[in-house]
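Please read it alongside the sequence and the model.

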Amino acid sequence: MSTVKKIFTPTTDKVFRFIVAPLVLVLVAALIVIGFFDYEDMPAEAAVLKRGSSGDTVRELQTRLKNWGYYTGSVDGIYGSQTVAAVKYFQRVNGLTVDGIVGEKTAAAVGIWLGGGSSSDTGYSSSDEYLLARLIYAEARGEPYTGQVAVGAVVLNRVRSSSFPNTIAGVIYQPWAFSVVNDGQINLAPNQTAINAARDAMNGWDPTYGCLYYYNPKTATNSWIKQKPIHLSIGNHVFCA
């Protein structure tokens, strides 16, 4: 028995040290890695602006709401009671949940980006792109793709014009600029076609060659816009300088 023990003990010890132990270590490491990635893949809590928030994004929010007539307080970057009231006013007018908190939907409607960064090298944020896509979808779904890009281009031409607000959200939410804002269609989720059209317009495609206005001659009731010279027609819309 002692001879057998002397023969197998070193072998067993080698098996444990060189085969079993490394396998255990690999298994433990794999479990740690899997646990890490599972944790990382969990959705993080969405960033929001609310009472008590402060900083440049709050200042941008206050500036936009002030420019549109929703906010009358100081642009100080502090999310106080006046900012809460202004956000609720904006939410109420635009068919959003009235809670005084700027979450994903309210931020997109205002045109601010809570997550930081931009959607492309155009300098516009992802929120700008999504808001423009919503406007395109509300105004031009069913139109030819070029016509959808053209609607987005009109918005961007206004942003660049000194006669209009200098942001996408400012142009879209300028009082009575677009009927779909007043009737709530602006809050419809855009399809991928509208998102692509917004992206193409933001990347510089302008099928209107600088036009600032468009309308549907079959449905338009504004006599003022009908007096403007028509530069071109795309689908059901005509485009004017």
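## Helix crossing

Helix α5 passes helix α6 in a right-handed crossing, a crossing being right-handed if the near helix is turned clockwise from the far one by less than a right angle, and left-handed if anticlockwise. The model is predicted, so that local features need pLDDT of at least 70 and side-chain atom pairs count only at pLDDT 80 or more, whereas totals for chains, interfaces and linings use all residues. Residues are numbered from 1 along each chain as its sequence is written, and side-chain values use heavy atoms, with hydrogens and water left out.

Helix α5 (residues 126-140) and helix α6 (residues 145-160) pack at an angle of about 125 degrees, and their axes are 9 Å apart. That angle makes α5 oblique to α6, a term for whatever is not under 35 degrees (roughly parallel), over 145 (roughly antiparallel) or 65 to 115 (roughly perpendicular).

## Contact residues

On α5 the contact is made by L132, L135, I136, E139 and A140, and on α6 by Q148, V151, G152, V155 and L156, where contact means heavy atoms within 4.5 Å. By class, the contact of α5 with α6 has 7 nonpolar, 2 polar and 1 charged residues, with Gly counted as polar.

## Nonpolar core

The largest nonpolar core has 61 residues, and L135 is one of those that touch the most other members; such a core joins buried residues (under 20% relative accessible area) through side-chain atoms within 4.5 Å. Helix α5 gives the most to this core, with 8 residues. Leaving aside residues up to four places away in sequence, L135 touches V151, V155, I172, F178, V180, I186 and Y214.

Notes. Axes are lines fitted to C-alpha atoms, for helices over the stretch in contact, and angles run from 0 to 180 degrees between N-to-C directions. Helices (H or I, at least four residues) and strands (E, at least two) are DSSP runs, numbered from the N terminus. Buried means under 20% relative accessible area, exposed over 50%, partly exposed in between (1.4 Å probe, protein chains only).
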